[in-house]
Amino acid sequence: MCSLLGQRIFKHSRTPKYILPSTIFPIQKYFVSNVTALEDAYENAKAYCKGKKPPPDVEVDGIFATNELDLKNVSVYGFDYDYTLACYKESVDHLIYNLGRETLVRKLKYPSEILKLNYQPGFAVRGLHFDIGKGLLLKVDSFHQIQLGCVYRGLTPLSDEEVLNLYGQHYIPADYLESYVHNGSQQGSSKMAQLADLFSVPEMSLLCNATEYFVNNHIDYHPDILFRDVKNAVQSIHPVMHQIVQNKPEDYLEKDPQLEVFFNRLINAGKKLFLVTNSPFNFVNKGMQYLIGKHWRDIFDVVIVQARKPKFFTDKNRPFRIYDLNHQNHVWDKVRKLEKGQVYTEGTVSQLQDMTGWKGGSVLYFGDHPYTDLADASLMHGWRTGAIIKELTSEIQTLNTSQFKWHVNWLQVLQQLIEQFQESEGEHSRKLIKEWIAERDQLRKDTKHVFNEQFGSLFRTYHNPTYFSRRLFRFADVYTSNVTNFLRFSPKHTFYARRGALPHEYRSWFV
């Protein structure tokens, strides 16, 4: 952020000579009626901001800590499969969309014209909410506020006035927005659904395309029914999708030669490794053979498939079952211990911990879904958690552009000018402040659109973290774009969370 500390902003002796940055000193209110003084403040602030050296680039392959994590205390590493070890190409999105679209038409008897509606890459980002009753896709921040300009019915944005007419305010009450998992089942609100994993992105596109078709053709439809039909259609095609992907994994999986190197480093450091995934064995086996080789099961001390997360973390009595690799079915023998080389299905985390002794902070588990993979593991069982967020790569690349750095720096300084001089007197002064506010609003839109034209960044609204970010930072100790980024650090490394200034700490010299 550009600091204005010690910079002479005003040329007029009748006005203050310095603007002190809010990060060090409290905001001062200036009652200025001299328009020339305000214009000088603006021009000098912009000149100062342009003269400042931009901040250094953020490392694209960095690991970012929300909570201090000392790897010396971690003796066991656990992994999800989909979008954690297996990173998918965009071709998977097209496959899911096309199979779901065909199911809507062939099985659920939707209009055949829907088959002409193609997947639109880049339309949506994950973490959005769908208002089931109103049929709207929208972005919500960490304070449950709707980000105006990010509310869509189908492919058509709603105006701010339409949003306010529908909701009566910018805020969505918690009991309308949120649900929770209890005993493995979803509880609470059914009015909103958050689409929090990457497999949901093509589902969003199909939902919005179908909505747009109905609206444009003046076909009466029920948003609730459409939502559930699309959701069920996409869920029902997973066995077919699995078969297609495992038949030609090279068409759908991104192969990372560093993955096995990462595993070997952990093994050589004496760490235990396990895999817990909801996907079926044959699908995982074909994918891991492509990514690692036929020996991939030798890497893991425990392999658990069809785990039914989040129920895996919440159920108490669901026993493990051995999966017979030769006959490809379950063995009825009671599982009394977990052995390397075997493949297990179902089970619970309590049994995993009891049979292995892997508990609490000695376990670091990686997944891509803040709720299904990380929430219960962290909150209920004390595991350390790492989120794999593939979108970080493109987000950070955008953050590192010179244009974005300038926009954000100037946006912060302009916001400070507005805050300091918002109560300036005189008609012309107030008009000038309004022009600053209009420029600020445009800058907010510009910094949004560079990430995604419709919904902006996965992590931010105009000035607040997103609802997705709030949950991610709560449930994940660290997050990064790929597990192999840990190769940059030794198994003894400590990741420290950055100390951020709290609003009441702005006077502190130690922040």
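In the predicted model, Phe320 lies opposite Glu346, a residue of strand 17. This pairing belongs to the contact between strand 15 (residues 320–324) and strand 17 (residues 344–346), two strands that run antiparallel and are joined by three bridges. On strand 17, Thr345 in turn stands opposite Val305, and strand 14 pairs with strand 17 in the parallel sense over two bridges.

These strands take part in an open sheet of 10 strands with mixed pairing, in which the order is 1-20-19-18-3-13-14-17-15-16. The edges of the sheet are formed by strand 1 (64–65) and strand 16 (329–331), each of which pairs on one side only. Helix 8 (residues 258–268) packs on the sheet and touches both strand 3 (76–79) and strand 13 (272–276), while its direction makes about 155° with that of strand 3.

Strand 13 pairs with strand 14 in the parallel sense over three bridges, and Ile304 of strand 14 is the bridge partner of Val276. In a regular strand, side chains alternate between the two faces of the sheet. Within strand 14 (residues 302–305), Val302 and Ile304 point one way and Val303 and Val305 the other way, and all of these residues are buried.

Together with helix 9, strand 13 and strand 14 make a right-handed β-α-β unit. Helix 9 (residues 281–291) contributes a set of buried residues, among them Phe281, Phe283, Val284, Met288 and Leu291, and Asn285 and Gly287 of this helix are buried as well. Just after helix 9, Gly293 takes a positive phi of about 135°.

Terms used. Residues are numbered from 1 along each chain as its sequence is written. This is a predicted model: local features need pLDDT of at least 70, side-chain atom pairs count only at pLDDT 80 or more; totals for chains, interfaces and linings use all residues. Side-chain values use heavy atoms; hydrogens and water are left out. Buried means under 20% relative accessible area, exposed over 50%, partly exposed in between (1.4 Å probe, protein chains only). Helices (H or I, at least four residues) and strands (E, at least two) are DSSP runs, numbered from the N terminus. Two strands pair if DSSP finds at least two bridges between them. Contact means heavy atoms within 4.5 Å. Axes are lines fitted to C-alpha atoms, for helices over the stretch in contact, and angles run from 0 to 180 degrees between N-to-C directions. A crossover is right-handed if, with the strands pointing away from the viewer, the path from the first strand over the helix to the second runs clockwise.
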